[in-house]
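Thanks for coming. I will go through one model today, starting with its charged pairs and then moving to the cores and a pocket.

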Amino acid sequence: MADVGAEELVLKTVAEQVAADAAESVRAAWGALRDGGDLRVDTKSADTDVVTAADRESEELVRQRLAQLRPGEPVLGEEAGGEAAEGGVTWVVDPIDGTVNFLYGLPGFAVSLAAQVDGVSVAGAVIEPVSGRRWTAARGEGAWLDGRRLSVSEPARLDLALVGTGFAYLRERRLRQGRLVAGLLGEVRDIRRLGAASLDLCAVGAGRLDAYFEHGLNRWDWAAGALVAEEAGARVLLPGSAPDLGEDATFASAPPIAAELRERLAAAGAAEV
């Protein structure tokens, strides 16, 4: 790319536009469900791991729009899969991140779409269908919420930090994660479990959470949100980069507490979760 910054800003614009189109579709489905409409619901890895017709329709819309705007570039999605390109752009989509929140009428869910090159996110957007909030980022160009530049928090101490996390669908792993969180609870201000990884990561970027960690995320869960957090100044560790926390750990933190939080999680047995 001759002008990397310019190209990444173009990709950010595409991600925002396409994710916003899908978010409008999801918002309409959420409204119909709240009004008593029917929605087909299936399960995947466990009875608690759900997928709805709205998830599939959202992803199909994303694929159609990208085929128009970025023809020939592959898409990797939660529902329909796909393969990443070698050397070129691959789009990574979570059509509804926070499907359980969606089903229960809670507003904490989002459409997440990122452009990656060789597995690295270079642009992304996380759009909240209910509120309409738009979280966006381009590598080297910053992160924004509705056009306002984001910056992480600056907690003075770990015991004053608000930390987000999440849990797996399989019972055995949830129990291990629960023990890890219990060991951390007395070391921080409090713990939050919001139910959508992309929004947790964006919350770190906005200073609404001081840190966030979770095991077992897939690429579409973190592809856009982790870029938002990183571009806002967070220390970010992605799956496979921090064996002391576990091979599939995702970690994002405001810099002042990042090293200590990582040490506490490792000492509490994060690698065994």
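First, a term: buried means under 20% relative accessible area, exposed means over 50%, and partly exposed is in between, with a 1.4 Å probe and protein chains only. By that rule aspartate 190 is partly exposed, with a relative accessible area of 30%.

Now the ground rules. This is a predicted model, in which local features need pLDDT of at least 70 and side-chain atom pairs count only at pLDDT 80 or more, while totals for chains, interfaces and linings use all residues. Residues are numbered from 1 along each chain as its sequence is written, and side-chain values use heavy atoms, with hydrogens and water left out.

Back to aspartate 190. Its salt-bridge partner is arginine 192, with the closest N and O atoms 3.0 Å apart; a salt bridge here is a side-chain nitrogen of Lys or Arg within 4 Å of a carboxyl oxygen of Asp or Glu. Arginine 192 is partly exposed as well, at 34% relative accessibility.

How many salt bridges does this rule give? The count comes to 14. Another of them pairs arginine 139 with glutamate 230, with 3.3 Å between the closest N and O atoms. Arginine 139 sits in the loop between β7 and β8 and glutamate 230 in helix α7, so this pair ties together parts that are 91 residues apart in sequence. For the element names, helices are DSSP runs of H or I with at least four residues, strands are runs of E with at least two, and both are numbered from the N terminus. Both partners are partly exposed: arginine 139 has a relative accessible area of 24%, and glutamate 230 has 35%.

A further pair is aspartate 244 with arginine 262, at 2.9 Å between the closest N and O atoms. Aspartate 244 is in the loop between β13 (235-237) and β14 (249-253), and arginine 262 is in helix α8 (residues 255-267), 18 residues away. There is also one network, in which salt bridges with shared partners join Glu7, Arg70 and Glu73.

Next, the cores. A nonpolar core is a set of buried Ala, Val, Leu, Ile, Met, Phe, Trp, Tyr and Cys residues joined through side-chain atoms within 4.5 Å. The largest one has 33 residues, and Val126, Trp135, Leu150 and Val228 have the most contacts inside it. Elements giving two or more residues to this core include β5 (110-117), β7 (134-138) and α7 (225-231). The most comes from α5, with six residues. A second, separate core holds 28 residues, among them Leu11, Ala19, Ala54 and Ala123.

Which residues does valine 228 touch, not counting those up to four places away in sequence? They are Trp135, Thr136, Ala137, Ala143, Leu150 and Cys202, where contact means heavy atoms within 4.5 Å.

Leucine 113 is in strand β5. Is leucine 113 buried or exposed? At 0% relative accessibility, leucine 113 counts as buried. Beyond four places in sequence, its contacts include Ala15, Val18, Ala19, Trp91, Ala123 and Ala224. Its C-alpha atom and that of threonine 136, 23 residues apart along the chain, are separated by 9.7 Å.

Last, a pocket. The lining of the second largest pocket includes Glu128, Arg133, Trp135, Arg192 and Arg208.

Notes. On a 1 Å grid over the protein atoms alone, a cavity is a set of points where a 1.4 Å probe fits but cannot get out, and a pocket is an open set with protein on both sides within 12 Å along at least five of seven lines; lining residues have an atom within 4 Å of a point.
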